[in-house]
2 protein chains.
Amino acid sequence: MHQLSKSTIDAWDARYRGNFINSLSGYKSVSLIGTVNASGQPNVAVFSNIVHIGANPALIGFINRPLAAAPHTIANIQATGCYTINHITPSMVVQAHQTSAKYDDGVSEFAQTGLSELYRDGCPAPFVAQSAVQYSMKLVEVVPITHNNTFFVIGAVQDVYLSSLDCVGEDGFIELPQLDTVTSLGMDGYYVTSRLGRYAYAKPGSIAQPI
Amino acid sequence: MHQLSKSTIDAWDARYRGNFINSLSGYKSVSLIGTVNASGQPNVAVFSNIVHIGANPALIGFINRPLAAAPHTIANIQATGCYTINHITPSMVVQAHQTSAKYDDGVSEFAQTGLSELYRDGCPAPFVAQSAVQYSMKLVEVVPITHNNTFFVIGAVQDVYLSSLDCVGEDGFIELPQLDTVTSLGMDGYYVTSRLGRYAYAKPGSIAQPI
């Protein structure tokens, strides 16, 4: 094995270390987060640090970068209490990545990228019409992470929209490759997936069985 | 689009909702976390809610389930202040999944699954020898998530071990498919990935360019 010590990593320039540490943590559940400010101005931005917290209640979190780098999404969520999360398919990757550009206040990433906003009753925030998996979220808590000025934004899952129900198994599992959902790596890498297998609930004295 | 409303989701049985919500949030950076208690008893367990927090300082977090469901890893981390995170390759998936079984106190998942523990200077917690990507972590903070009794465990990246440096690009990006790192979906699904592309830093007035 090749060792890269903490002192080596600390000495790297910020961009090299950023790429390395961002990929070290592994594949990520990249999605587009749609929001609206109090005046109705829509915003959509790509986020790749989305994390399952629990299913009962159904809670999902994401990391919002420091306010100086990424002010709009978190401000809109705090102003309105709601947002949407939308999966990305291969044909949307270029547009999704382009939403990470620092557009001026008042500029809609929808208009700039060609992603289509979609509004539904009960949720002021826009969904992304091209997404095969869309869901609305209600803000539960913003946890400041003081060590690097980021925020862990926790929300409750509201309504879910799927382009097909064929991908939902008898036990509720969503076979995301059937919906062409991509995963990301680092700050700018996008990947499709292939199924290795699912395994039954593991018990002592046995070995995990494929299901 | 097919709508699944919040009231529909709330009415599902816990297992169906668990599978659904766990897959809804997308692909996850599944890894094995190695720890040791104050008496030197090793533990290794699969965790799939690992999240990049920031690169400067290099911080990575993970969600630990409620103490009643997953007591050992978090207790060991709080006792010793350190732990290891180890990527999973396809040939390790069955063993990795088997570590999720509820073994009695004092039983080592290493002995039960055939994963090999590896100790290195400066880190009392065991690495998983079969992993192509291994790194040690130092505890920074445990953030209780009061809404569902889980914990967001934040740590600082220490030393990193890679089976090959050929996968590290000139800009620090780690091309994880070259190291056979798998991703997970839901509670029990494992996937390999194929590269779609990387895109340059996005700027307004342009369109994301492949790199």
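Lys and Arg count as positive here, Asp and Glu as negative; His and the chain ends are left out. Keep that in mind for the charge step below. The model on screen is predicted.

**Stop 1: chain A as a whole**

Select chain A and colour by charge. There are 11 positive and 15 negative charges, and their mean positions lie 9 Å apart. Switch to cartoon. Five helices and twelve strands make up the secondary structure of chain A. Its radius of gyration is 18 Å, close to the 17 Å that the globule rule gives for 211 residues, so chain A is as compact as a globular protein of that length. Along the principal axes, the C-alpha atoms of chain A fill a box of roughly 60 × 50 × 35 Å.

Chain A has an accessible surface of about 8000 Å², and carbon and sulfur atoms hold 50% of that. Of its 211 residues, 59% count as buried. Among contacts in chain A with a separation of 6 or more, 56% link residues 24 or more positions apart.

**Stop 2: the largest nonpolar core**

Show both chains. Select F20(A), L24(A), Y135(B), V157(B) and V160(B). These have the most contacts inside the largest nonpolar core, which has 37 residues. Which elements supply at least two residues each? From chain A, it is α2 (14-24). From chain B, the list is β3 (42-47), β4 (50-55), β5 (58-64), α3 (72-80), β6 (82-87), β9 (133-145) and β10 (150-162). The largest share, five residues, comes from β10(B).

Centre on Y135(B). Its contacts in chain A are L24(A) and S25(A). Within chain B, beyond four places in sequence, it touches residues including I50(B), I60(B), Y83(B), F127(B), V157(B) and V160(B).

In soluble globular proteins, nonpolar side chains tend to be buried together.

**Stop 3: T73(A)**

Go to helix α3 (residues 72-80) of chain A and pick T73(A). Is T73(A) buried or exposed? At 4% relative accessibility, it counts as buried. Show its neighbours: beyond four places in sequence, T73(A) touches I33(A), T35(A), N43(A), A45(A), F47(A), F62(A) and N64(A).

**Stop 4: P177(A)**

Move to the loop between β10 (150-162) and β11 (183-185) of chain A, where P177(A) lies. P177(A) has 25% relative accessibility, so it counts as partly exposed. Then show contacts. Leaving out residues up to four places away in sequence, P177(A) touches T193(A) in its own chain, and Y27(B) and Y191(B) in chain B.

**Stop 5: backbone exceptions**

Most residues other than glycine have a negative phi, and most peptide bonds are trans. The next selections depart from that pattern.

Stay in the loop between β10 and β11 of chain A and select D180(A). Its phi is positive, about 60°, although it is not a glycine. With 45% relative accessibility, D180(A) counts as partly exposed. Jump to D180(B), in the loop between β10 and β11 (183-185) of chain B. D180(B) also has a positive phi of about 60°.

Finish with the prolines. N56(A) and P57(A) are joined by a cis peptide bond, omega about 5°. P57(A) sits in the loop between β4 (50-55) and β5 (58-64) of chain A. In chain B, the bond from N56(B) to P57(B) is cis, with omega near 5°. Find P57(B) in the loop between β4 and β5 of chain B.

Definitions and conventions
Residues numbered from 1 in each chain as written. Chains lettered and ligands numbered in written order. Predicted model: local features only at pLDDT ≥ 70, side-chain atom pairs only at ≥ 80, totals over all residues. Heavy atoms only, no water. Helix = DSSP H or I, 4+ residues; strand = E, 2+ residues; numbered from the N terminus. Buried < 20%, exposed > 50% of the residue type's maximum accessible area, 1.4 Å probe, protein only. Contact = heavy atoms within 4.5 Å. Rg over C-alpha atoms; globule rule 2.2 N^0.38 Å. Areas by Shrake-Rupley, 256 points an atom, 1.4 Å probe, with all protein chains shown as cover. Charge placed at Lys NZ, Arg CZ, Asp CG, Glu CD. Core = buried A, V, L, I, M, F, W, Y, C linked by side-chain atoms within 4.5 Å.
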